Amino acid sequence: MFKTLKQWTANLTGAGETSSPEHFRNFWNEHKDSQLSPTVFFQQVLSKQQKQTSIHDHMASLSDDAAYDLDPSSKLRFVCTSDTHNQTDGYNFQIPDGDVLLHAGDFSQVGAEKEVEHFADWLDSLPHPFKIVIAGNHELTFDPATSGDNPPGLREKLISRLKQSCTYLEDSSAIIFGIKIYGSPCCVDLLREIQLRVKPKYHLFGHIHEDGGVTTDGQTTFINASMCTIRYRPEQYPIVFDMDRKSDLTQLESAPEKWNLADPRN
């Protein structure tokens, strides 16, 4: 779906070779030991207009590939969603077919039990063989820091219900055909961790409704898959990409694996 990362970046920025992944990588390597933060890096290399593409434009580019006819022995299709905020009944479009549905949190307004049930029912209605979900800041009943007012056992009950409809990740990972997917509702200094230590191929997130789309720093493709607008209207499309299968290994349950933020080598 994406072409090479270099082609995708050139198309994204409209800046040709000067904004190639090599340009990003070389610039970052020259400045990573200075006081330049990843945020300032983006500000200096790309303008706001250059570094993002609209979700609608991205979906339009998939029109020639609308039929889901990938070779299942070699490819996985990921459908990225986030920030549905209990508005899943309001879409005037269908969720694209795929192998793996990813949801980056904020599927509710406040994490109420009826909202979780509504979201789980929506997940059940979708045909994707694998569904991976994390909680967001709106899922107050899932967060140990804000769930103290819950009735006893509610957090565990809601997570248990959600797990009937998806793989729920909370500082843990799943492996699907050799591709590792790590999910966390929060990480201090996340962008720096991603760019300097973890360096994943893709990073999916949401939360910022008005800034959805795709960008890259030359090594990681960043996907903001927020589906609600800034006014909480369910109008923004999912983002879709394909990856090669790595192996037949699939493991949907794992023990928590907190990142060691004190040691950047880990």
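As the model is predicted, local features need pLDDT of at least 70 and side-chain atom pairs count only at pLDDT 80 or more, while totals for chains, interfaces and linings use all residues. Residues are numbered from 1 along each chain as its sequence is written, and side-chain values use heavy atoms, with hydrogens and water left out.

**Overview**

Let us start with the whole chain. It holds seven helices and 10 strands, taken as DSSP runs numbered from the N terminus (helices are H or I, at least four residues; strands are E, at least two). Of its 266 residues, 48% are buried, where buried means under 20% relative accessible area, exposed over 50% and partly exposed in between, with a 1.4 Å probe and protein chains only. Taking contacts between residues at least 6 apart in sequence, 65% join residues at least 24 apart; a contact means heavy atoms within 4.5 Å.

**The open sheet and its helix**

Five strands make an open sheet of mixed pairing, in the order S4-S3-S2-S1-S10. Two strands count as paired if DSSP finds at least two bridges between them. At the edges are S4 (167-168) and S10 (239-244), each pairing on one side only. S3 (residues 130-133) runs parallel to S4, joined to it by two bridges, and Ile-132 stands opposite Thr-167 in S4. Helix H5 packs on this sheet, where it touches S2 (100-103) and S3, and the direction of H5 makes about 155° with that of S3.

H5 (residues 113-125) also has a helix partner, H6 (residues 154-163): their axes come within 9 Å and cross at roughly 10°. Axes here are lines fitted to C-alpha atoms, for helices over the stretch in contact, and angles run from 0 to 180 degrees between N-to-C directions. H5 and H6 are therefore roughly parallel to each other, a label for angles under 35 degrees. The crossing is right-handed, meaning that the near helix is turned clockwise from the far one by less than a right angle. On the H5 side the contact includes Val-116, Phe-119 and Leu-123, and on the H6 side it includes Leu-158 and Arg-161. By class, the contact of H5 with H6 has seven nonpolar, no polar and six charged residues.

S8 and S9 pair in the antiparallel sense over four bridges, and Thr-215 has Phe-222 in S9 as its bridge partner. The two strands form a hairpin with four residues between them, and Gly-218 in the turn has a positive phi of about 100°. S8 (residues 213-216) is covered on both faces, with Gly-213 and Thr-215 buried on one side and Val-214 and Thr-216 on the other.

In helix H7 (residues 190-198), the buried residues are Glu-193, Ile-194, Gln-195 and Arg-197. Lys-199 follows H7 with a positive phi near 55°.

**Two residues to look up**

Cys-228 lies in the loop between S9 (221-224) and S10. It is buried, with a relative accessible area of 0%, and touches residues including Asp-83, His-85, His-209 and Arg-233. Glu-253, in the segment after S10, counts as exposed at 53% relative accessibility. Each has a C-alpha separation worth a look:

| Pair | Apart in sequence | C-alpha to C-alpha |
|---|---|---|
| Cys-228 and Gly-212 | 16 residues | 9.5 Å |
| Glu-253 and Ser-172 | 81 residues | 8.2 Å |

Terms used. Angles under 35 degrees count as roughly parallel, over 145 as roughly antiparallel, 65 to 115 as roughly perpendicular and the rest as oblique. Ala, Val, Leu, Ile, Met, Phe, Trp, Tyr, Cys and Pro count as nonpolar, Asp, Glu, Lys and Arg as charged, and the others, Gly among them, as polar. Lists of a residue's contacts leave out its neighbours within four places in sequence.
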